[in-house]
Amino acid sequence: MALKHAVLAALLDGEYSGYQLAKAFDVGVANFWHALPQQLYAELTRLEAAGLVGGRQVVQETRPNKRLFHVTDEGLAELERFAAATSKPSFIRDDLLVKVQAVDRVDAAPVIEQLDERARTAAAKVEIFEKLLARLRGERDESEFLAHGVRIGPYLTCLRGLAFERETRDWCERIAGVLRERSAVCRQHRGGA
């Protein structure tokens with residue numbers, strides 16, 4: 001997947017400025033695609049040059065002018081092609097997992113601290129996703145929203161993000177606990193020997 005597809009998908013909800021697109025990425029899209037604001041601005045320029053998005057200038061009196069972008073018919077066609085193409089399997093690439101892999105031969109204390117921090121970060125993201133999902137479905141319960149909601153794609157990706165963050169939180173808490181127990185046993189053996 002290229003960044004262009006994530007940008008096109010994010011623009012399906014309407015016109016966004018580059019700033020608004022960056023905010024949309026932070027809230028919803030970031031759970032499956034990370035991009036820095038400057039990457040998004042550069043991608044919008046490329047997409048507009050390719051005819052996949054259209055832009056219009058909005059004159060503002062008290063602030064600098066801004067450009068609003070929307071998906072064009074060509075952009076929708078590109079998303080159609082992308083949706084029809086076979087997706088590659090995902091994979092994990094995480095430096096914290098490398099540290100856990102090596103924990104038998106390195107000091108476990110900093111690894112445990114990093115696991116604790118990752119668990120706290122994931123727990124905070126769980127709260128954000130839960131609030132976002134509630135906002136997206138409004139007064140409906142989930143099954144009603146999924147059956148009758150007008151646009152469920154962002155909700156479905158947030159469900160994946162929620163599941164990922166919950167699993168990350170739970171795994172980090174469990175592994176930090178295992179490493180703490182092992183460290184305590186090792187200290188006891190060293191102290192008693």
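Close-up 1. Phe145 is buried, at 7% relative accessible area; buried means under 20%, exposed over 50% and partly exposed in between, with a 1.4 Å probe and protein chains only. This is a predicted model: local features need pLDDT of at least 70, side-chain atom pairs count only at pLDDT 80 or more, and totals for chains, interfaces and linings use all residues. Residues are numbered from 1 along each chain as its sequence is written, and side-chain values use heavy atoms, with hydrogens and water left out. A search of the whole structure finds 1 aromatic pair. Phe145 and Tyr155 form this pair, which is tilted, with 4.9 Å centre to centre and 55° between the planes. Rings of Phe, Tyr and Trp (its six-membered ring) pair if their centres lie within 6.5 Å; planes under 30 degrees apart count as stacked, over 60 as edge-to-face and the rest as tilted. Tyr155 is buried too, at 1% relative accessibility. Phe145 sits in helix α7 (residues 142-148) and Tyr155 in helix α8, so the pair ties together parts that are 10 residues apart in sequence. Helices (H or I, at least four residues) and strands (E, at least two) are DSSP runs, numbered from the N terminus.

**Close-up 2. The largest nonpolar core.** This core has 19 residues. A nonpolar core is a set of buried Ala, Val, Leu, Ile, Met, Phe, Trp, Tyr and Cys residues joined through side-chain atoms within 4.5 Å. Val7, Leu8, Leu11, Leu21, Phe25 and Leu40 have the most contacts inside the largest core. Two or more residues come from each of α1 (3-10), α2 (18-27), α3 (37-49) and β2 (66-71). Helix α1 gives the largest share, 5 residues. Leu11 touches Tyr16, Leu21, Leu44, Val53, Phe69 and Val71, not counting residues up to four places away in sequence; contact means heavy atoms within 4.5 Å. A second, separate core of 12 residues includes Val100, Ile112, Ala119 and Cys172.

Close-up 3. How many of the 8 residues of α1 are buried? The count is 6, so the helix is largely enclosed by the rest of the structure. The buried residues of α1 are Leu3, His5, Ala6, Val7, Leu8 and Ala10. Glu43 belongs to helix α3. Glu43 is buried, at 8% relative accessibility. Leaving aside neighbours within four places in sequence, Glu43 contacts Leu3, Lys4 and Val7.

**Close-up 4. Glu165 on helix α8.** Glu165 lies in helix α8. Is Glu165 buried or exposed? At 9% relative accessibility, Glu165 counts as buried. Its contacts, beyond neighbours within four places in sequence, are Ala122, Lys125, Val126 and Phe129.

**Close-up 5. The second largest pocket.** About 200 Å³ of space lies in this pocket. On a 1 Å grid over the protein atoms alone, a pocket is an open set of points where a 1.4 Å probe fits, with protein on both sides within 12 Å along at least five of seven lines; lining residues have an atom within 4 Å of a point. Grid points are joined across faces, edges and corners, and the volume is the space filled by probe spheres set on the points. The lining is Val103, Asp104, Val106, Ala108, Leu179, Arg182, Ser183, Cys186, Arg187 and Arg190. Helix α8 (residues 153-192) supplies the largest share of this lining, 6 residues. By class, the lining has 5 nonpolar, 1 polar and 4 charged residues. Ala, Val, Leu, Ile, Met, Phe, Trp, Tyr, Cys and Pro count as nonpolar, Asp, Glu, Lys and Arg as charged, and the others, Gly among them, as polar.

Close-up 6. Gly153 is in helix α8. Gly153 is partly exposed, at 28% relative accessibility. From C-alpha to C-alpha, Gly153 and Asp116 are 32 Å apart in space, and 37 residues apart in sequence. Val185 also belongs to helix α8. Val185 is partly exposed, with a relative accessible area of 39%. Gln38 is found in helix α3. Gln38 is exposed, at 53% relative accessible area. The C-alpha atoms of Gln38 and Leu162 are separated by 26 Å; these residues are 124 residues apart along the chain.
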